[in-house]
Amino acid sequence: PSRKRTPLQDKEVQHPVGKNMIDIALRKKSNLIASADVVSSLELINLAKGIGDKIVALKLHSDIITDFSWDLVTELRTIAREKDFLLFEDRKFADIGNTQELQFKQGVYRFADWVDMVTAHPIAGEKSFDVFEPTGVVAIVEMSSAGALTDDYYVSKALNIAQKSADVFAVVAQRQVPDDLLLLTPGVNIDKKGDSKGQQYNTPKKVFSEYLTDFMIVGRGIYKANDPVAAAEEYRQQGWKAYEDSLS
Ligand code: UP6
């Protein structure tokens, strides 16, 4: 791919959820996805209310929430509507299509009924992605952690699958990807280089200028900060400036 960035408003993204992400980003001048990896409904609701107007999407791991309930889902949806952000379940599905369909539509979480977008690994092949419609799919093509098995060969095959699937509008990766896919990059932290469990961090500046990412995903940098609202604003400002700088 060329090293030149296509501005968000000129991206040729067809999927409605992808278009929505772009519209929200431009309205808020934000390319921040907050990863809300907290384990109680109360913490999650407080975080969503506090930072909701600074983010494009709130990324969730519903299966870490000790007191997950339908009241929580209803409240999250209300906050998301009020504060204009998407609900992004980071389930990282990685099974055959039939099983993924059951995991997506049935069980405790019934994601199909309430999330705007979900992550899935392309490991089981192209057809395994056919069960999520009309929810937007974010394909995990490369992981941020040390020693991940997602080498160049895997990444190119995974991108190929992502580009062929109509429901995939974005990918998670640590490198530039073809322009018809939105790029979401986790492993972003202003203060830290990594953790003791393999996570590796880059700065907002690096992911926007070198990987030409479209959206950064920030977890502990925000929800573990002394003041998560101030931290979210700091990441929003740094992220948007790094994006604007990378346009010229
Ligand atoms: N995530 C990664 N790396 C990947 C894919 N997903 O870190 O390659 C997710 C994690 C976590 C968040 O599951 O929810 O992004 C990163 O959190 P952190 O900023 O606290 O490290």
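What follows goes from the whole chain to an annotated span and then to a single residue.

Keep in mind that this is a predicted model. The protein is built with eight helices and eight strands. Its radius of gyration is 17 Å, close to the 18 Å that the globule rule gives for 248 residues, so the protein is as compact as a globular protein of that length.

**Overall build**

- Out of the 248 residues of the protein, 40% count as buried.
- Take the contacts with a separation of 6 or more: 67% of them in the protein come from residues 24 or more positions apart.

**The annotated span**

- UniProt has an annotation here, "domain: Orotidine 5'-phosphate decarboxylase", which comes from an unreviewed entry and covers residues 31-235.
- The end C-alpha atoms of residues 31-235 sit 9 Å apart.
- As for its make-up, that span is 32% helix and 19% strand.

**A look at D113**

- You'll find D113 in the loop between α4 (97-105) and β4 (117-120).
- Is D113 buried or exposed? D113 counts as exposed because it has 11 C-beta neighbours inside 10 Å, and the cut-off for exposed is 12 or fewer.
- D113 and S30 are 83 residues apart along the chain, and their C-alpha atoms are separated by 27 Å.

Conventions: Residues are numbered from 1 along each chain as its sequence is written. This is a predicted model: local features need pLDDT of at least 70, side-chain atom pairs count only at pLDDT 80 or more; totals for chains, interfaces and linings use all residues. Helices (H or I, at least four residues) and strands (E, at least two) are DSSP runs, numbered from the N terminus. A residue is buried if 20 or more other C-beta atoms lie within 10 Å of its own, exposed if 12 or fewer, and partly exposed in between; C-beta atoms are placed from the backbone. The radius of gyration is taken over C-alpha atoms; the globule rule is 2.2 Å times the number of residues to the power 0.38. Two residues are in contact if their C-beta atoms, placed from the backbone, lie within 7 Å. UniProt positions are given in the numbering used here, feature names are shortened, and annotations may be inferred rather than shown by experiment.
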